[in-house]
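Thanks for coming. Please look at the sequence and the structure first.

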Number of protein chains: 2
Amino acid sequence: MIDAENQTIYFKKKPHIIGNYAIVGPKEGKGSLNSYFDYIMKDDLFGEKTYEKAERKMVEQAIMGAIDNAKISPKDLKLLICGDLLNQIITSSFAARAFDVPYIGLFGACSTMAESLAIGASLVNAGYIDNVACTTASHFSTAERQFRYPLELGNQRPPTSQWTVTGAGCSILSSKGSGPVITCATFGKVTDFGIMDVNNMGSVMAPSAASTLISHFKDTNTTPDDYDLVVTGDLGKLGSEILLDLMEDHGYKLGTNYNDCGQIIFNGKQSVLMGGSGCGCSATVLNSYILKKVRTKEFKKVLFVATGALLSSTSTQQGDTIPGIAHAVVIESDDEVDRKNAKKESE
Amino acid sequence: MIDAENQTIYFKKKPHIIGNYAIVGPKEGKGSLNSYFDYIMKDDLFGEKTYEKAERKMVEQAIMGAIDNAKISPKDLKLLICGDLLNQIITSSFAARAFDVPYIGLFGACSTMAESLAIGASLVNAGYIDNVACTTASHFSTAERQFRYPLELGNQRPPTSQWTVTGAGCSILSSKGSGPVITCATFGKVTDFGIMDVNNMGSVMAPSAASTLISHFKDTNTTPDDYDLVVTGDLGKLGSEILLDLMEDHGYKLGTNYNDCGQIIFNGKQSVLMGGSGCGCSATVLNSYILKKVRTKEFKKVLFVATGALLSSTSTQQGDTIPGIAHAVVIESDDEVDRKNAKKESE
């Protein structure tokens with residue numbers, strides 16, 4: 001049994017997402033969310049000599065795009081919170097070099113989008129700072145050759161594997177302005193169910209998602225039905241099925257309002273086996289499809305749970321299992337928060 | 001010229017360091033701070049089969065030791081903020097697995113101790129949470145074989161190189177209780193002065209330290225003389241000399257109250273070339289010598305600036321330079337903060 005609670009912190013001062021941007025690779029651009037992305041790259045190298053340099057350039061473009069979308073100038077940006085999958089998060093650190101702004105480097109694997117938003121919202125809500133960029137990225141070719149096999153090997157992919165999304169997403173947070181509001185965040189615990197297969201990330205991350213979701217529902221006294229969308233980071237098809245089972249074991253039924261970024265991003269005809277993964281998966285789905293639907297009020301309240309597999313070739317080579325983690329944030333439409341505040345005041 | 005300001009956030013609600021702990025390897029145990037460390041390992045493997053597993057065990061012991069020192073119980077711990085040098089910060093994530101507590105993973109290379117304290121103090125000061133463990137570690141043998149050469153090669157070390165400290169340090173932060181207080185934090189920007197030599201980390205990090213120090217002094221309207229100790233993370237002998245020059249170019253004279261953790265930790269007779277480095281260097285010096293002197297009021301106000309080289313073998317192999325970063329926190333003795341608050345109220 002997963003026993004979790006008291007992991008949630010609340011933001012009363014309305015940290016807004018005042019701007020956002022998503023850039024993806026050509027394969028992702030052919031997927032279900034084609035019309036939602038801000039930019040679709042023509043090729044995976046994005047004019048660079050290596051995939052690693054392309055990944056970094058995507059982050060730079062995502063940050064600049066989100067700054068534009070927020071209608072602020074680059075000099076108004078006060079903090080950059082960023083992480084990625086590569087050793088020593090070089091994508092983030094080298095992208096940060098291009099901006100004359102303080103930088104917090106994170107590592108949360110594919111949970112990074114939620115981790116950065118949770119920290120960013122904490123800082124903005126406390127009144128320390130405004131105009132904070134929260135961002136992350138992944139690239140199929142950099143992840144594949146770092147965590148698994150050389151690309152040239154042309155290895156066959158086992159049926160449980162997922163496809164690392166090539167893409168970057170960025171949100172700009174500020175207490176001033178308007179836009180979707182982050183109302184609370186649930187920081188996750190590290191879970192480890194003993195999985196050792198680097199091609200089965202869904203099974204690693206499903207228990208982490210369950211742990212964070214259960215804590216979130218207990219802490220906030222809510223159920224899945226209280227959200228227009230409950231969306232996990234990148235569990236993929238198998239991981240999502242395991243999550244549904246785990247949640248049901250603990251008395252929570254995830255219904256038709258549940259979805260997974262790894263299943264949304266590609267269309268059913270694409271050869272991606274269990275679906276999308278990588279930091280860029282939840283980052284691009286959030287910063288395109290989800291935030292647009294929150295802005296149009298189609299989604300008034302979203303529970304966004306990004307999930308990460310804390311995988312490293314060093315630990316795998318030393319016979320270790322793969323731990324997982326999930327962080328969650330609640331994103332609500334601006335007028336939904338105002339409506340609730342007005343209701344509270346009138347009571 | 002380094003042009004930096006508006007990077008500092010202030011903590012008015014007294015986030016205290018209620019407990020701290022430092023564990024080091026045998027070589028560090030023979031250094032200048034011998035009598036200050038809480039635990040000196042008899043050998044670098046610490047009873048484990050690999051150096052990586054030893055590093056993780058050091059972090060677990062540092063967290064447990066700090067919990068004991070804070071006189072709280074493990075179940076009172078509410079958040080763990082941790083990072084390290086290894087690929088995908090496996091030291092931190094696997095250590096976090098041993099604690100049933102939410103976890104924020106960071107990567108700031110050797111700036112991690114200040115990065116974790118800055119984030120931890122931000123969360124505690126905002127009233128979100130209490131009992132937050134901020135921790136990091138490094139291990140000579142894991143860093144050397146990951147960033148440079150196999151240990152078995154017995155490579156000769158160039159004169160500009162530093163010695164990665166084997167050790168872990170942990171501080172527990174809470175708004176309740178007593179102990180040294182974190183009064184503000186300055187988040188650093190990524191700097192890059194074009195260094196490509198993986199055996200010259202002092203030169204990479206000195207400009208980062210200068211950038212953060214200059215911003216800090218401008219933001220807080222202070223000078224180096226306002227502190228009993230201004231201490232950088234691990235610039236070593238060469239890096240410290242470069243820093244003194246850079247600061248003088250910008251009109252700041254670092255005097256006899258300036259020191260560097262990389263120069264404090266070993267004694268002059270040990271074969272460490274330019275001095276200590278690694279996340280564990282500033283973490284163990286802070287969580288032993290410095291915090292003990294703040295508790296006894298010998299240091300009433302310390303400016304702690306941990307510096308990191310954002311080095312990765314992948315970026316180096318692709319011909320990239322090495323960026324650096326430095327984050328700073330001000331740590332003051334409890335009664336010094338009370339005295340200043342009383343003075344302000346009487347004015």
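I start in chain B, where B:T8 lies in strand β1, residues 8-10. Helices (H or I, at least four residues) and strands (E, at least two) are DSSP runs, numbered from the N terminus. Some ground rules before I go on. Residues are numbered from 1 along each chain as its sequence is written, and chains are lettered from A and ligands numbered from 1 in the order in which they are written. This is a predicted model, so local features need pLDDT of at least 70 and side-chain atom pairs count only at pLDDT 80 or more, while totals for chains, interfaces and linings use all residues; side-chain values use heavy atoms, with hydrogens and water left out.

On confidence, pLDDT is the predictor's confidence in each residue, from 0 to 100. Chain A has a mean pLDDT of 95, and 100% of its residues reach 70 or more. For the complex, the predictor gives an ipTM of 0.97 and a pTM of 0.97.

Back to B:T8. Is B:T8 buried or exposed? B:T8 counts as buried because its relative accessibility is 12%. The cut-offs are under 20% relative accessible area for buried, over 50% for exposed, and partly exposed in between, with a 1.4 Å probe and protein chains only. Setting aside neighbours within four places in sequence, B:T8 is in contact (heavy atoms within 4.5 Å) with B:C184, B:A185, B:T186, B:H216, B:D219 and B:T220.

Two of these partners also meet the B:T8 side chain in polar contacts: the side chain of B:T186 at 2.8 Å and the side chain of B:D219 at 2.7 Å. A polar contact is a pair of N or O atoms within 3.5 Å; within protein, one must be able to donate a hydrogen and the other to accept it, and residues adjacent in sequence count only if both atoms are side-chain atoms. Along the chain, B:T8 and B:H327 are 319 residues apart, and their C-alpha atoms are separated by 10.0 Å.

Next, chain A. Helix α3, residues 90-97, is mostly covered, with seven of its eight residues buried. Those are A:I90, A:T91, A:S92, A:S93, A:F94, A:A95 and A:A96. What covers them? The cover includes α2 (51-69), β4 (79-84) and β5 (103-106) of chain A, together with α10 (313-317) of chain B.

Now the charged pairs. Over all chains, the structure holds 33 salt bridges, each being a side-chain nitrogen of Lys or Arg within 4 Å of a carboxyl oxygen of Asp or Glu. One of them joins A:K176 to A:D130, with the closest N and O atoms 2.7 Å apart. That pair links distant parts of the chain, 46 residues apart: A:K176 is in the loop between β8 (167-174) and β9 (181-186) of chain A, and A:D130 is in the loop between α4 (112-125) and β6 (132-138) of chain A. A:K176 counts as exposed at 56% relative accessibility, whereas A:D130 is buried at 16%.

In another salt bridge, A:R157 pairs with A:E144, at 2.9 Å between the closest N and O atoms. A:R157 is partly exposed at 22%, and A:E144 is buried at 9%.

A:E332 and A:K340 also meet through their side chains in a salt bridge, 2.6 Å from N to O. A:E332 is buried, with a relative accessible area of 3%, while A:K340 is partly exposed at 29%. Finally, A:K14, A:D334 and A:D338 are linked in a network of salt bridges.
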